[in-house]
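Thanks for coming. I will take a few minutes on one model and keep to what can be computed from its atoms.

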Amino acid sequence: MGQKTVRFSDLSGQLITEDDALARIVVHDHPELGDSPVEFEALTDEAKVIEKAALRVAIVELHVPGEDEPRRVVVDAATFDALATDTPMNELLITARPARPARRAAKTTSGSASSTSTSTSGGGRVNYATLEHAGEPHKGKTTDLEKQLVRDHLDEINDRLVAQGLRTISLADPEHVERYGLQDLAGELMPGQEALPIKELTSERDEDLPLDDIQDELAS
């Protein structure tokens with residue numbers, strides 16, 4: 001006996017009868033949302049209602065002296081534009097210098113002895129097996145849980161990496177495909193390519209080996 005899957009809109013509970021009527025809605029920011037994006041399934045018409053209700057806004061970070069963390073606020077675009085009284089905002093945005101990396105990100109990637117001590121002691125260690133940090137560049141082993149998160153949430157993770165100013169995960173990069181076990185996704189999205197070879201795992205990662213050892217490996 002065959003089985004038939006019935007889907008309902010997460011927003012309205014209405015029955016979704018056709019595949020082309022299914023829309024995927026990803027929520028990146030909301031007052032009640034936690035640290036990671038979530039997604040809904042809904043009717044295409046419901047997604048279009050959201051699009052029509054969209055506002056022109058500016059999302060800005062306020063780095064106030066004396067505060068460790070910036071304040072991120074959403075402002076009506078017209079109100080924000082009106083703040084530029086010397087040069088029009090559209091010209092100011094074109095000529096403005098690129099934003100500097102956040103101090104928190106700099107601390108995370110710092111190679112200082114103090115940060116190394118904190119990491120090895122367990123205090124402040126980043127857990128890459130979470131949606132908040134999965135896919136970020138890091139040394140050491142990529143756990144099975146991190147790989148699974150990257151495979152299941154690749155689009156959302158890449159969106160976060162872009163927002164953080166970090167490199168994204170590419171299905172065209174053999175190192176990324178191997179690191180996160182993305183062979184199946186790479187084969188589906190890029191048909192015709194040969195399967196990417198999987199290098200034999202060793203007890204040490206190449207990036208952790210001394211430079212002389214790496215050169216000897218390449219020479220052999």
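A definition to begin with: contact means heavy atoms within 4.5 Å. The model is a predicted one, so local features need pLDDT of at least 70 and side-chain atom pairs count only at pLDDT 80 or more, while totals for chains, interfaces and linings use all residues. Residues are numbered from 1 along each chain as its sequence is written, and side-chain values use heavy atoms, with hydrogens and water left out.

Let me start with glutamate 136. Is glutamate 136 buried or exposed? Its relative accessibility is 7%, so it counts as buried. The cut-offs are under 20% relative accessible area for buried, over 50% for exposed, and partly exposed in between, with a 1.4 Å probe and protein chains only.

Which side chain is joined to glutamate 136 by a polar contact of 3.3 Å? That of arginine 160. A polar contact is a pair of N or O atoms within 3.5 Å; within protein, one must be able to donate a hydrogen and the other to accept it, and residues adjacent in sequence count only if both atoms are side-chain atoms.

Arginine 160 belongs to helix H7 and is buried too, because its relative accessibility is 14%. Beyond four places in sequence, arginine 160 touches Leu131, Glu132, His133, Ala134 and Glu136. Its side chain also reaches the backbone oxygen of leucine 131, at 3.1 Å.

With a relative accessible area of 11%, histidine 138 is buried, and its side chain makes a polar contact of 3.1 Å with the side chain of glutamate 146.

That brings us to H6, where Glu146, Leu149 and Val150 are buried. Seen down the helix axis, these buried residues fall within an arc of 100°, so they line one face of H6; the arc is that of the directions from the helix axis to the C-beta atoms. They pack against H7 and H8.

Next, the largest nonpolar core, which has 12 residues, among them Leu149, Val150, Leu154, Leu161 and Tyr180. Such a core is a set of buried Ala, Val, Leu, Ile, Met, Phe, Trp, Tyr and Cys residues joined through side-chain atoms within 4.5 Å. Helices H6 (144–152), H7 (154–163) and H8 (174–180) each give two or more residues to this core, and H7 has the largest share, three residues. Leucine 154 is in contact with Leu149, Ile169, Leu171 and Leu185, leaving aside neighbours within four places in sequence.

Elsewhere, strand S3 (residues 22–27) has a covered face of Ala23, Ile25 and Val27 and an uncovered face of Leu22, Arg24 and Val26.

Finally, the totals. The protein has 10 helices and six strands, and 18% of its 220 residues are buried. Of the contacts between residues at least 6 apart in sequence, 36% join residues at least 24 apart.

Technical notes: Helix = DSSP H or I, 4+ residues; strand = E, 2+ residues; numbered from the N terminus.
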